[in-house]
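Here is a friendly walk through a protein structure, part by part. Keep the viewer open as you read.

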Amino acid sequence: MFEGYGTGGPAYDEMFDGAQLRPPYLRMRDSLDKMSTPELITRVEALQASYLDQGITFDIGGEERAMPLDILPRVIEMDTWTVIEKGLQQRVQALEMLLADVYDAGNVFNDGVLPRKVITTSSHFHRQAATIRPANGVRVHVSGIDLIRDNNGEFRVLEDNVRVPSGVSYVMTSRRAISAALPETIAQHRIRPVASYPQRLLAALRAAAPAGVADPTVVVLTPGVYNGAYFEHTLLARTMGVELVEGRDLVCRRGEVMMQTTKGLAPVHVIYRRVDDEFLDPVHFRADSMLGCPGLIDAARAGNVTLANAVGNGVADDKLVYTYMPDVIRYYLNEEPVIRNVDTWRCGEPEALEEVLDRLDELVLKPVDGSGGKGIVIGPRATKAELDELRGKVIEDPRSWIAQPVVQLSTVPTFVDGELGPRHVDLRPFAVNDGNRVWVLPGGLTRVALGKGELIVNSSRGGGTKDTWVLAGPTSPGQQQQQQQQTQAVEPPVEAAADLPITDREVS
Amino acid sequence: MLSRIAESLFWIGRYIERADDTARILDVHTQLLLEDAGVDETQTCRDLLSCMGIEPDDAAKAGVDLDAVTIDQVLRLLAYDPQSSCSIAAIFAAARESARGARETLTVPMWEVINTTWRPIPSGHFEALRPPYVFQWVRERAALITGTADATMTRDEGWQFIVLGRNIERADMTSRLLATTALSNGAGQWTSALRASGAYDAFLRTYRGIETDRAAAEFLLLDRLFPRSVIFALNRAEQALDNLGGDPRRAGFQDEAHRLIGRMRAELEYRALTDLVADLPDEMERLQRTCAAATDAISRRYFAGAEAVAWKGVGV
């Protein structure tokens with residue numbers, strides 16, 4: 001099966017070190033080697049058909065497509081994961097402190113860690129959020145911080161996503177689909193389960209309810225069926241057992257939010273909103289938005305409803321703010337960052353700008369407020385005309401650009417067009433903050449660029465996903481004896497809502 | 001339950017029933033045309049289109065000349081063409097669109113069975129199915145969806161809305177089957193109508209083998225035990241409205257839809273059969289108008305959240 005698999009290139013391959021198999025993939029290689037290619041193809045076809053039947057899709061320009069799920073899982077060792085988990089917890093904590101600070105006292109500016117204008121010039125900075133203090137102090141209820149693995153195999157933070165990160169539904173559905181497609185292989189592994197995510201999220205949302213509400217009503221707010229992530233919104237609402245509402249289902253009266261039911265209006269206390277800030281409330285943001293509900297921001301300010309994630313979080317996603325994160329972590333937590341950033345030039349700084357303009361053809365240029373791979377220019381692959389256009393844009397508005405060296409994302413064997421080949425991947429782990437603890441979903445969304453050599457993994461640009469297996473025990477038998485004494489990573493139960501059953505039952 | 005979700009469920013009930021019944025009506029008439037050379041194809045097709053609510057304008061827009069309409073054109077308008085809003089293809093697509101908007105409320109098996117019913121339509125597999133197999137396929141899919149709903153849904157408000165939608169639609173569509181059959185001039189058209197409703201054997205047993213047109217019309221219209229009869233469907237719709245309203249009163253009914261349907265049912269039951277069958281198509285059109293008015297009343301009360309509030313005097 002794996003004969004003729006050529007890694008080559010500077011990128012780190014997660015399965016093979018040259019011709020040498022890396023230990024975490026030992027069991028997978030052994031079990032897949034017993035399978036013939038035609039049999040694997042049959043299973044791939046069954047996998048795709050099951051995704052279409054279940055309607056596991058995403059939308060591009062109004063067209064519904066099945067999410068491409070590669071049959072080969074990606075494996076992450078227990079020890080590697082422990083570091084990632086720690087790094088993400090640290091980063092979310094720092095982001096929480098940063099957001100609380102920039103929308104209130106502003107100590108981080110006064111102490112010279114972060115220039116005030118970096119925040120106030122960010123297109124995602126919303127004055128409307130100033131001095132809103134969330135009930136349990138949490139603004140980043142859910143985060144999806146993107147990680148990549150550099151040429152040495154070290155995980156690095158590529159960008160922060162603390163607005164409305166999406167993709168977690170595919171983590172849950174792909175685990176189910178892969179266990180149906182590769183039952184023999186999955187039986188050979190001990191993998192940390194992912195199915196408890198909805199309960200964790202619900203517990204965090206309930207914990208964030210306005211003060212004095214004993215049994216809060218939680219809802220998921222979706223832009224509607226034509227939104228690209230609509231499938232995810234339905235899955236989360238269903239698995240949490242809460243209503244999925246659209247803006248038109250909500251009404252604000254006297255600073256309280258209610259939903260229209262067959263029996264009249266019913267109060268709403270926590271809104272897990274999957275609508276962007278700009279569309280949330282026509283009173284404060286875009287007046288033409290039909291997706292939100294007039295009065296939401298005022299209700300949140302009055303403390304009668306909690307919006308999760310909080311309004312204004314987008315400043316932390318700004319790629320220029322990202323460049324300050326290592327300092328921000330040191331400033332608030334007095335710790336070194338566990339996971340390093342990718343090296344980045346700030347085009348807003350004159351010396352950096354000069355160097356970037358000189359080396360435009362060898363760097364990656366990213367707009368600071370872009371998402372979904374939009375606007376990114378990869379220097380070595382751009383034409384002269386594209387570079388000239390880019391040069392003009394950067395000179396005109398340097399604040400809006402950062403530059404990074406071309407990082408070869410790591411590769412993982414992927415089954416495309418009937419054969420295995422190395423394809424570039426990133427990783428979006430999801431973290432849920434309930435106010436007491438930041439819980440990280442073991443695994444997360446591995447996005448894979450299906451085109452050969454392609455570096456942009458977004459599903460809107462032809463990317464697919466992979467099931468991500470975090471091993472629950474040590475990788476090789478030798479290590480196993482060595483670490484037998486060590487206690488295993490056992491998760492403490494959810495504290496905020498102990499009355500909720502926490503099970504790792506199958507999520508369908 | 002959210003008003004928007006309740007509305008989607010109501011329409012899922014209606015659409016699935018409508019697809020089922022459209023297939024049954026088409027089945028009767030394609031069979032009649034095949035079996036009986038004496039039947040006037042153009043006339044039958046014209047009656048069929050008008051009973052199914054396709055106006056001459058709609059037909060003209062779809063390029064169909066009513067003076068020379070063929071059964072193939074009828075099949076296109078009522079079965080295969082997704083652009084024609086009365087076609088089975090369009091109805092299944094609408095059911096799936098409603099289900100998509102209420103997906104988090106539907107059970108997983110329910111969503112999947114509706115989704116897999118829709119998938120052959122964009123993929124072209126549906127169009128490849130020809131009569132009479134296509135009608136059988138539609139009936140089977142509808143039975144599968146209804147059965148899945150029955151086996152997996154909790155009997156809450158949502159269920160009542162599905163049942164309500166299904167039965168209002170069934171009363172409406174059975175009345176259309178009765179009207180088209182009465183208009184048709186072929187021999188044995190009532191036998192076909194009974195067969196299409198799956199009622200033929202039950203009918204023969206009930207009436208001890210005496211097969212008259214009058215008896216067949218009575219069975220499909222007024223039988224209290226046969227589940228596809230108009231009366232049975234109206235009774236079920238009343239029950240569902242009763243469960244939803246949940247407001248026991250000593251006198252009369254407060255709910256507008258309940259009143260409309262109850263009055264229609266009483267009228268059908270207490271009028272002489274001779275009067276009813278004398279002008280069946282007109283009587284049935286009246287029933288269809290009642291169903292439409294009842295649907296409006298239900299929408300006003302349950303689906304327009306804002307109005308319900310004003311009416312109850314809560315908030316503001």
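Predicted model: local features only at pLDDT ≥ 70, side-chain atom pairs only at ≥ 80, totals over all residues.

## Two domains in chain A

Let's start with how chain A is divided. The domain assignment gives domain 1, made of residues 16-342 + 407-482, and domain 2, made of residues 343-406. Their C-alpha centres lie 27 Å apart. Where they touch, domain 1 of chain A contributes 16 residues and domain 2 of chain A contributes 16 residues.

On the domain 1 side of this contact, the largest share comes from α13(A), with 3 residues. By class, that side divides into 5 nonpolar, 8 polar and 3 charged residues.

## An open sheet and the helix on it

Next, find the four-stranded sheet of chain A. Its strands follow the order β17-β20-β18-β19, the sheet is open, and the pairing is antiparallel. Which strands stand at the edges? They are β17 (345-346) and β19 (377-378) of chain A; each has a single partner strand, so one side of each is left without a neighbour in the sheet.

Strand β18 (residues 363-367) of chain A pairs with strand β20 (residues 401-405) of chain A through 5 antiparallel bridges. To see this pairing in the viewer, look for A:P367, which stands opposite A:W401 in β20(A). Helix α13 (residues 319-333) of chain A packs on this sheet, where it touches β17, β18 and β20 of chain A. The direction of α13(A) makes about 55 degrees with that of β20(A).

A:T411 has A:H424 in β22(A) as its bridge partner. The hairpin of these strands has 2 residues between them, and A:D417 there takes a positive phi near 50 degrees.

Strand β22 (residues 419-428) of chain A is mostly covered, with 8 of its 10 residues buried. β22(A) also pairs with strand β25 (residues 445-449) of chain A, in the antiparallel sense over 4 bridges. Here A:D426 stands opposite A:R447 in β25(A).

## An enclosed helix

Is helix α9 of chain A buried or exposed? This helix (residues 230-240) has 11 of its 11 residues buried, so it is largely enclosed by the rest of the structure. Among the buried residues are A:E232, A:H233 and A:R238, along with A:F231, A:L235 and A:M240.

After the helix comes A:G241, whose phi is positive, near 70 degrees.

## Chain B and where the chains meet

Now turn to chain B, which has 18 helices and 0 strands. Its radius of gyration is 20 Å, close to the 20 Å that the globule rule gives for 316 residues, so chain B is as compact as a globular protein of that length. The C-alpha trace of chain B spans about 65 × 50 × 40 Å along its principal axes, and 48% of its 316 residues count as buried.

How many residues of each chain are in contact? Chain A brings 21 residues and chain B brings 24. On the chain A side, α2 (37-54), α9, β10, β12 (256-261) and β13 (264-267) each supply at least two residues. By class, that side has 7 nonpolar, 8 polar and 6 charged residues.

Key:
Residues numbered from 1 in each chain as written. Chains lettered and ligands numbered in written order. Buried ≥ 20, exposed ≤ 12 C-beta atoms within 10 Å, placed from the backbone. Pairing = 2+ DSSP bridges. Contact = placed C-beta atoms within 7 Å. Axes fitted to C-alpha atoms, helices over the stretch in contact; angles between N-to-C directions. Nonpolar A, V, L, I, M, F, W, Y, C, P; charged D, E, K, R; others polar. Rg over C-alpha atoms; globule rule 2.2 N^0.38 Å. Domains from an automatic or database assignment.
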